[in-house]
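Trainee: Hi! Could you walk me through this one slowly? I'm still new to reading structures.

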Amino acid sequence: MTPLEHYPVVDLGPVMKGMAIGGLGIFHVFLAQFAIGGGMLLCYLQWLHMRGRCRLARRFIDDYFKVLVLVSFVLGAVTGVAMWFTSIQVSPRTIGVMVREFHWIWATEWSFFCLEVVAGYLFFRFGPRLPDASRLQLLGLYSFASWMSLFWINGILSWQLTPGGWIESRDVWQGFFNPGFLPSLLFRTICSAAIASLAACVLINLVPGFTRRERESLVAICGRPLVLMLAMPLVGAWYFGSMPADSRGWVTGGSVPMTMFLTMAVGASALIGLYAIFGILRKQLYVNAATAGLLLSLAFVATAGGEFVREGVRKPFTIREYLYSNSVARDGIAELRQRGVTADDPYPLRDEAAYPSEQLVLGGKVFRAQCSVCHTLGGVNSVIELTGSWSLEQKRLNIAQLQQTKPFMPPFAGTPEELEALVQLIGWIDAGRPDAWEESSDPAVLAEIRRWIDEAGTRPGHASLAAAAGDRHR
Amino acid sequence: MNAVFPTGFPPATAFYLVLLVATLLLHMVFMHYVLAGSAYLAVGRLMGRQWCRRCGWQRLLVDWLPFATGLAITAGVAPLLFVQILYQREFYSANLLLSHRWMAILPVLIVAFYLLYLQKSAWIGRRGWGWQIAVAATAFAGFAFIAWSWTENHLLSLDEAAWPTLYASGDLRYATAGLVARLAVWFLAAFPTLAIELAWQGRLLDIPLSGPAAAGETVAGLSPLRRLAMTALAGLVGMTAAAAVYWPTLPAESREAIAGPLGRPWLVAAAAGLAVQVICWLIAASRDRLPSGLATLATAGWLATLAGLVVLREAIRLATVDLDTLAELHAEAAGIGGLPVFLIFAGLNAAAIVWCIRMVARRAVTPGPGSRSGS
């Protein structure tokens, strides 16, 4: 595996690239889970109808399915494709490795997607004209296919955080059935059921033609899958336990934003769960459109928090122990420290003439290759802000030993000259981009940087910390 | 490059190339219906309310275009997957260079998709004719923009020498000599596909194509079948003219790939298929009849043309890439497990899809016992 592949780097200005993929990802996951849970709920309703236990079900199913098609089949399908394109924009190498390793899994998922779309559209178009048994068969196939899509994609996504035996064997099935696979699958299945139930409660109130009593009866029935939320703490704990220890550390105080987002997800889920269990299921409270809308919004908040955490706890990797978030291979650090991270970069800077020296141009290229995937130079998560309180010496030391300065950062992967160029670039921008900037090439400084880099080693931060703890223990 | 496509390549490369071509062909079956269909609708709306009211194809397209778009997107996922295996660096680099401009296809696709549903709605039926024209034209403009963006992206992926300069300039557009002509070839190729598909759809749905039964559907003196023939012939002639304009803009090595051993048999197949289609549609138009045999022959010709074009598209690309480097990556990808699982599930799911369609065709006739009226 090459240490780094050079692609043209997209510049989103003051916006962090993670915000683009994160925002779209949250939206897509919410829609996808709505579709998966919706299929299961509609199967259940059709089954109740056939047993004479819900005479309104057939009509409601047809109304619900129209919404499912308009929302999920359009927005869900296009945002699914958009996830691929956005991943390419943010980290082409990561998505490239995922596609290479799991292309047959993705192709398998595609075959289920085809079944889902055909069964879904047939139900949408012909469902009202079909006898009950055929409707249940069609809904069953639709529901099964959409859940199987989750099954396959879940294996790929959970592999990114917990690749398990794949790291050693490179066996696709060891990667797919990784330690996080099952808890993640169960957790997402419960989320899907809950989202679909809450969406049904919204719809029951919006569809014209039902009496208040009919709405009450439908809410009581559609709220039943929410009982699955009782298992959420247990499955969530299992999922949490499957994460690597350092990832667990980020969400339990190690990283303030990640801890906050986890709290947000857990809090929103707890509020929904409590209302569902005590309000909807025990007290049989009527859920009006406003309450249902609020609960669904909370579900969106929970999804957003959960997805942020899932993406965030992988740091400093995008593929655990294999590929760092800046697309540098874990095993490529040493080589890049000798050869230089910009040595093979064929792309010039966009505004090269605005840089007063070659060293600053080099610094711009180093920033682009190693930092720009998560940081900006003057916007969100700006390196200028983050290093603002550091002295020149501290900048050199802290970046040289980056994985020890902040263990969720990858090790610096470049030569001392490149590191010094990056430090000078930060200083130049912090000084307001003056027209002249003296080059810094003191051999003693470069030798000191080399010593610091060597001292930090090439291992990621969590491995360095574990080794240090081991040494202390001995 | 000295053997007919896909032979002559290392096994892994040939395998993925066949998969790309096959799945791209499937995608085009639906994508052409959407692209040409939305154009047909937009033109129809411009012709006026009376024209549209009499034209059964307009009603059919309004009804089926959203479903066809869903299928086109779904079918498009597979070639998108295989292109990432075959030409990852080239495809990703073009995506990244065009950046926001390229990503704009996604919101545009969502808007165009919803506009197709809007055309089906009772709401638009209650609005003035200007609304109908605007909605149809905007939907078509959206799909046309996506087609243009794909063409631009594809051509940029072939032009590695231009990447650093384009990146440095910050320009998010890539204009090259062959862009318009190539876009015209593929856009116009969509019309014969639409004609074939509507002809078969008409047969399956018992829509009269000609004769006294179709008298009420005659528009501008043309029966539904003759309108299809006109559509197909216009597309075939236009596509040929656009290809003639496109040819000199191709680099010498691409022309060699098309005319040489790699592409020549496919070029012949495409040309023969084109000739067959022209003859079939001329006969159908002159007799105002399309018997099954003639329709089948026209379909075979269409398939030969489309398959030939898709292969030639790859031949042009293969002439520009570093095959030795890519072949190593293809071999590496082919060594990764999972193919048997895909084949098993793809077979089972294909069977399930066929079963669904047959089941619905058999049973979706009478309202079910618990239908809305009875509930």
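Mentor: Happy to; we'll go from the overall picture down to single residues. This is a predicted model, in which local features need pLDDT of at least 70 and side-chain atom pairs count only at pLDDT 80 or more, while totals for chains, interfaces and linings use all residues. Residues are numbered from 1 along each chain as its sequence is written, and chains are lettered from A and ligands numbered from 1 in the order in which they are written.

Trainee: Okay, what helices and strands does chain A have?

Mentor: Chain A has 20 helices and 2 strands. These are DSSP runs numbered from the N terminus: helices are H or I with at least four residues, and strands are E with at least two. Along the principal axes, the C-alpha atoms of chain A fill a box of roughly 85 × 45 × 45 Å.

Trainee: And how many of its residues are buried?

Mentor: Of the 474 residues in chain A, 55% are buried. A residue is buried if 20 or more other C-beta atoms lie within 10 Å of its own, exposed if 12 or fewer, and partly exposed in between, with C-beta atoms placed from the backbone.

Trainee: Which domains does chain A have?

Mentor: The assignment gives domain 1 (17–324) and domain 2 (330–473); such bounds come from an automatic or database domain assignment. Taken over C-alpha atoms, the centres of domain 1 and domain 2 of chain A are separated by 40 Å.

Trainee: Where do those two touch?

Mentor: In chain A, 14 residues of domain 1 are in contact with 11 residues of domain 2, where contact means that the C-beta atoms, placed from the backbone, lie within 7 Å. On the domain 1 side, helix 1 (17–50), helix 10 (245–254) and strand 2 (323–324) of chain A each supply at least two residues. Helix 1 of chain A gives the most to that side, with 3 residues.

Trainee: Now the two chains. How many residues are in contact there?

Mentor: There, 61 residues of chain A are in contact with 54 residues of chain B. Helix 2 (57–90), helix 3 (92–126), helix 4 (132–161) and helix 6 (172–176) of chain A are the elements that give two or more residues to the chain A side. The largest share of that side, 23 residues, comes from helix 3 of chain A.

Trainee: What classes of residue are on that side?

Mentor: The chain A side divides into 42 nonpolar, 8 polar and 11 charged residues. Here Ala, Val, Leu, Ile, Met, Phe, Trp, Tyr, Cys and Pro count as nonpolar, Asp, Glu, Lys and Arg as charged, and the others, Gly among them, as polar.

Trainee: Which residues have the most contacts inside the largest nonpolar core?

Mentor: Those are A:Ala119, A:Ala194 and A:Leu198, in a core of 272 residues. A nonpolar core is a set of buried Ala, Val, Leu, Ile, Met, Phe, Trp, Tyr and Cys residues joined through C-beta atoms within 7 Å. Helix 3 of chain A gives the largest share of this core, 21 residues. Leaving aside neighbours within four places in sequence, A:Ala194 is in contact with residues including A:Pro225, A:Ile272 and A:Ala299.

Trainee: Switching topic: at what angle do helix 10 and helix 11 of chain A cross?

Mentor: The axes of helix 10 and helix 11 (residues 256–282) of chain A cross at roughly 85° and come within 6 Å. Helix 10 and helix 11 of chain A are therefore roughly perpendicular to each other. Among the residues making the contact are A:Trp250 of helix 10 and A:Leu262 of helix 11 of chain A.

Trainee: What about A:Ser327, buried or exposed?

Mentor: A:Ser327 counts as buried because it has 26 C-beta neighbours inside 10 Å. A:Ser327 is not a glycine, yet has a positive phi of about 70°.

Trainee: And B:Asp206, buried or exposed?

Mentor: B:Asp206 counts as exposed, with 7 C-beta neighbours inside 10 Å. B:Asp206 also has a positive phi, of about 60°, although it is not a glycine.

Key: Two residues are in contact if their C-beta atoms, placed from the backbone, lie within 7 Å. Axes are lines fitted to C-alpha atoms, for helices over the stretch in contact, and angles run from 0 to 180 degrees between N-to-C directions. Angles under 35 degrees count as roughly parallel, over 145 as roughly antiparallel, 65 to 115 as roughly perpendicular and the rest as oblique.
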